[in-house]
Amino acid sequence: MKSNLIIVLVLLVLAGLGLWQAEYDMSWIEFWIQQHPVLGAAIYVVLVIASVVLLPLSSMPLLPIAARNFGVLLTAGLSAIGWWVGCLIAFQIARSGRRYLERFTSLEAIDKLEAKIPADVGFGGIVVLRMILPVDVVSFALGLLKRLRFQTYAVASLVGILPFSIVWSYAGGELGEGRFLSFALVVIALTAAVLLVRYLWKKNRD
(Lines give C-alpha, C1' and ligand atoms only; values in the text may rest on other atoms or scores of the structure.)
Protein backbone atom coordinates (compact mmCIF):
# COMPACT_ATOMS: atom_id res chain seq x y z
CA MET A 1 0.00 0.00 0.00
CA LYS A 2 2.75 2.42 0.99
CA SER A 3 4.73 1.52 -2.14
CA ASN A 4 1.75 2.23 -4.37
CA LEU A 5 1.22 5.57 -2.66
CA ILE A 6 4.84 6.56 -3.20
CA ILE A 7 4.66 5.60 -6.87
CA VAL A 8 1.49 7.67 -7.31
CA LEU A 9 3.19 10.64 -5.66
CA VAL A 10 6.19 10.25 -7.93
CA LEU A 11 3.99 10.22 -11.00
CA LEU A 12 2.25 13.36 -9.80
CA VAL A 13 5.63 15.03 -9.38
CA LEU A 14 6.55 13.99 -12.90
CA ALA A 15 3.36 15.47 -14.29
CA GLY A 16 3.83 18.67 -12.31
CA LEU A 17 7.41 19.13 -13.47
CA GLY A 18 6.39 18.40 -17.03
CA LEU A 19 3.67 21.03 -16.94
CA TRP A 20 6.03 23.51 -15.30
CA GLN A 21 8.61 22.94 -18.00
CA ALA A 22 6.10 23.35 -20.81
CA GLU A 23 4.19 26.31 -19.42
CA TYR A 24 6.93 28.71 -18.40
CA ASP A 25 9.52 30.30 -20.65
CA MET A 26 12.85 30.16 -18.85
CA SER A 27 14.94 31.29 -21.82
CA TRP A 28 15.78 34.60 -20.15
CA ILE A 29 17.30 32.77 -17.17
CA GLU A 30 19.32 30.51 -19.45
CA PHE A 31 20.52 33.49 -21.47
CA TRP A 32 21.67 35.22 -18.29
CA ILE A 33 23.48 32.05 -17.11
CA GLN A 34 25.24 31.77 -20.46
CA GLN A 35 26.46 35.35 -20.06
CA HIS A 36 27.51 34.84 -16.42
CA PRO A 37 28.30 31.12 -16.01
CA VAL A 38 30.45 31.40 -12.87
CA LEU A 39 28.03 33.70 -11.06
CA GLY A 40 25.13 31.57 -12.27
CA ALA A 41 26.76 28.44 -10.82
CA ALA A 42 27.40 30.22 -7.52
CA ILE A 43 23.78 31.40 -7.29
CA TYR A 44 22.57 27.89 -8.07
CA VAL A 45 24.63 26.48 -5.19
CA VAL A 46 23.27 29.15 -2.83
CA LEU A 47 19.69 28.32 -3.87
CA VAL A 48 20.31 24.61 -3.28
CA ILE A 49 21.69 25.37 0.18
CA ALA A 50 18.64 27.51 0.93
CA SER A 51 16.32 24.70 -0.20
CA VAL A 52 17.74 22.50 2.56
CA VAL A 53 17.86 25.07 5.35
CA LEU A 54 14.66 26.97 4.60
CA LEU A 55 11.79 24.49 4.73
CA PRO A 56 9.77 23.71 2.64
CA LEU A 57 11.68 25.09 -0.37
CA SER A 58 12.84 22.62 -3.03
CA SER A 59 15.65 22.88 -5.54
CA MET A 60 14.23 20.16 -7.80
CA PRO A 61 12.60 22.57 -10.31
CA LEU A 62 16.03 24.16 -10.87
CA LEU A 63 17.67 20.90 -11.98
CA PRO A 64 16.45 20.95 -15.63
CA ILE A 65 17.77 24.49 -16.13
CA ALA A 66 21.06 23.73 -14.40
CA ALA A 67 21.65 20.47 -16.27
CA ARG A 68 20.88 22.06 -19.62
CA ASN A 69 23.33 24.91 -19.04
CA PHE A 70 26.06 23.39 -16.90
CA GLY A 71 25.86 19.79 -18.09
CA VAL A 72 24.88 16.78 -16.01
CA LEU A 73 28.26 16.18 -14.35
CA LEU A 74 28.83 19.79 -13.29
CA THR A 75 25.23 20.07 -12.12
CA ALA A 76 25.72 16.92 -10.06
CA GLY A 77 28.83 18.44 -8.48
CA LEU A 78 27.18 21.78 -7.78
CA SER A 79 24.07 20.08 -6.40
CA ALA A 80 26.14 17.82 -4.16
CA ILE A 81 28.02 20.83 -2.79
CA GLY A 82 24.78 22.71 -2.17
CA TRP A 83 22.97 19.79 -0.53
CA TRP A 84 26.02 18.89 1.55
CA VAL A 85 26.69 22.42 2.82
CA GLY A 86 22.97 22.86 3.44
CA CYS A 87 22.78 19.65 5.47
CA LEU A 88 25.78 20.72 7.56
CA ILE A 89 24.17 24.08 8.31
CA ALA A 90 20.83 22.44 9.16
CA PHE A 91 22.60 19.98 11.47
CA GLN A 92 24.35 22.79 13.32
CA ILE A 93 21.15 24.82 13.58
CA ALA A 94 19.35 21.87 15.16
CA ARG A 95 22.28 21.06 17.46
CA SER A 96 22.72 24.65 18.61
CA GLY A 97 18.99 25.09 19.09
CA ARG A 98 18.52 21.96 21.19
CA ARG A 99 19.20 23.72 24.49
CA TYR A 100 16.58 26.32 23.62
CA LEU A 101 14.05 23.70 22.54
CA GLU A 102 14.50 21.88 25.85
CA ARG A 103 13.18 24.96 27.66
CA PHE A 104 9.84 24.73 25.88
CA THR A 105 9.28 21.07 25.05
CA SER A 106 10.38 17.59 26.09
CA LEU A 107 12.92 15.89 23.86
CA GLU A 108 12.47 12.58 25.65
CA ALA A 109 11.30 10.86 22.44
CA ILE A 110 14.46 11.96 20.65
CA ASP A 111 16.60 10.76 23.56
CA LYS A 112 14.86 7.36 23.52
CA LEU A 113 15.47 7.09 19.78
CA GLU A 114 19.13 7.92 20.29
CA ALA A 115 19.41 5.25 23.02
CA LYS A 116 18.35 2.61 20.48
CA ILE A 117 20.98 3.70 17.98
CA PRO A 118 24.28 1.81 18.35
CA ALA A 119 27.43 3.82 18.94
CA ASP A 120 28.65 3.05 15.41
CA VAL A 121 25.39 4.19 13.76
CA GLY A 122 27.33 6.78 12.32
CA PHE A 123 28.41 5.92 8.93
CA GLY A 124 26.28 3.20 7.41
CA GLY A 125 23.08 4.38 9.03
CA ILE A 126 23.48 7.97 7.88
CA VAL A 127 24.39 6.93 4.33
CA VAL A 128 21.21 4.85 4.14
CA LEU A 129 19.11 7.66 5.62
CA ARG A 130 20.50 10.04 3.01
CA MET A 131 19.34 7.65 0.31
CA ILE A 132 15.81 7.04 1.59
CA LEU A 133 14.75 10.31 3.26
CA PRO A 134 14.74 14.00 2.26
CA VAL A 135 18.01 15.84 2.94
CA ASP A 136 16.42 18.53 5.11
CA VAL A 137 14.42 16.15 7.33
CA VAL A 138 17.44 13.95 8.08
CA SER A 139 19.71 16.93 8.74
CA PHE A 140 17.50 18.58 11.34
CA ALA A 141 16.54 15.29 12.98
CA LEU A 142 20.12 14.04 13.34
CA GLY A 143 21.20 17.43 14.64
CA LEU A 144 19.11 16.78 17.76
CA LEU A 145 21.00 13.59 18.60
CA LYS A 146 23.56 14.49 21.25
CA ARG A 147 25.85 11.48 20.76
CA LEU A 148 26.37 11.76 17.01
CA ARG A 149 29.78 13.16 16.05
CA PHE A 150 29.78 15.97 13.52
CA GLN A 151 32.74 14.51 11.59
CA THR A 152 30.98 11.18 11.11
CA TYR A 153 27.78 12.93 10.09
CA ALA A 154 29.57 15.16 7.57
CA VAL A 155 31.49 12.39 5.78
CA ALA A 156 28.58 9.92 5.72
CA SER A 157 26.25 12.63 4.44
CA LEU A 158 28.59 13.41 1.57
CA VAL A 159 28.81 9.72 0.63
CA GLY A 160 25.02 9.40 0.68
CA ILE A 161 24.40 12.63 -1.22
CA LEU A 162 26.78 11.95 -4.14
CA PRO A 163 24.79 9.16 -5.88
CA PHE A 164 21.57 11.04 -5.15
CA SER A 165 22.90 14.17 -6.86
CA ILE A 166 24.20 12.28 -9.90
CA VAL A 167 20.92 10.47 -10.54
CA TRP A 168 18.73 13.52 -10.01
CA SER A 169 20.99 15.69 -12.18
CA TYR A 170 20.76 13.13 -14.97
CA ALA A 171 16.98 13.05 -14.56
CA GLY A 172 16.91 16.84 -14.64
CA GLY A 173 18.96 16.83 -17.82
CA GLU A 174 16.54 14.44 -19.47
CA LEU A 175 13.60 16.62 -18.45
CA GLY A 176 15.39 19.76 -19.60
CA GLU A 177 15.88 18.25 -23.05
CA GLY A 178 12.23 17.25 -23.24
CA ARG A 179 12.86 13.52 -22.93
CA PHE A 180 9.96 12.94 -20.56
CA LEU A 181 9.81 9.16 -20.92
CA SER A 182 13.45 8.62 -19.97
CA PHE A 183 13.03 11.14 -17.14
CA ALA A 184 10.04 9.20 -15.82
CA LEU A 185 11.89 5.89 -16.08
CA VAL A 186 14.88 7.25 -14.15
CA VAL A 187 12.70 8.61 -11.35
CA ILE A 188 10.65 5.42 -11.12
CA ALA A 189 13.83 3.33 -11.04
CA LEU A 190 15.23 5.59 -8.32
CA THR A 191 12.03 5.24 -6.32
CA ALA A 192 12.18 1.44 -6.63
CA ALA A 193 15.81 1.48 -5.48
CA VAL A 194 14.94 3.65 -2.47
CA LEU A 195 12.11 1.31 -1.49
CA LEU A 196 14.42 -1.69 -1.79
CA VAL A 197 17.16 -0.07 0.30
CA ARG A 198 14.60 0.98 2.92
CA TYR A 199 13.19 -2.56 3.08
CA LEU A 200 16.63 -4.17 3.43
CA TRP A 201 17.69 -1.63 6.05
CA LYS A 202 14.59 -2.18 8.17
CA LYS A 203 14.89 -5.96 7.79
CA ASN A 204 18.50 -5.83 8.90
CA ARG A 205 17.61 -3.76 11.98
CA ASP A 206 14.73 -6.05 13.08
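Author: Helices are DSSP runs of H or I with at least four residues, numbered from the N terminus. The model discussed here is predicted.

Reader: In which helix is L47 found?

Author: The model is a predicted one, and its helices are numbered from the N terminus. L47 is found in helix α3.

Reader: Is L47 buried, partly exposed or exposed?

Author: Buried means under 20% relative accessible area and exposed means over 50%, with partly exposed in between. L47 has a relative accessibility of 41%, so this residue counts as partly exposed.

Reader: Which residues form the nonpolar patch on the surface, and how much accessible area do they have together?

Author: The patch is formed by W32, L39, I43 and L47. Together, these residues have an accessible area of about 340 Å².

Reader: How many residues of helix α4 are buried, and which are they?

Author: Helix α4 spans residues 63-70 and is mostly covered, with six of its eight residues buried. Just after this helix, G71 takes a positive phi of about 90°. The buried residues of α4 are L63, P64, I65, A66, A67 and F70.

Reader: How many aromatic pairs does the structure hold, and why is the pair of F91 and F150 described as tilted?

Author: The structure holds five aromatic pairs. In one of these, the ring centres of F91 and F150 are 5.8 Å apart. Planes under 30 degrees apart count as stacked and those over 60 as edge-to-face. The planes of F91 and F150 stand at 50°, so the pair is tilted.

Reader: How many residues apart in sequence are the parts that the pair of F91 and F150 ties together?

Author: F91 belongs to helix α5 (residues 72-104), whereas F150 belongs to helix α9 (residues 150-176). F91 is buried, at 0% relative accessible area, while F150 is partly exposed, at 28%. The pair therefore ties together parts whose separation in sequence is 59 residues.

Reader: What share of the contacts with a separation of 6 or more comes from residues 24 or more positions apart?

Author: The secondary structure of the chain comprises 10 helices and zero strands. Of its 206 residues, 41% count as buried. Among contacts in the chain with a separation of 6 or more, the share from residues 24 or more positions apart is 80%.

Notes: Residues numbered from 1 in each chain as written. Predicted model: local features only at pLDDT ≥ 70, side-chain atom pairs only at ≥ 80, totals over all residues. Heavy atoms only, no water. Buried < 20%, exposed > 50% of the residue type's maximum accessible area, 1.4 Å probe, protein only. Helix = DSSP H or I, 4+ residues; strand = E, 2+ residues; numbered from the N terminus. Patch = residues over 30% accessible without salt bridge, like charges linked within 9 Å, V, L, I, M, F, W, Y side chains within 5 Å. Areas by Shrake-Rupley, 256 points an atom, 1.4 Å probe, with all protein chains shown as cover. Salt bridge = Lys/Arg side-chain N within 4 Å of Asp/Glu carboxyl O. Phe/Tyr/Trp six-rings, centres within 6.5 Å; stacked < 30°, edge-to-face > 60°. Contact = heavy atoms within 4.5 Å.
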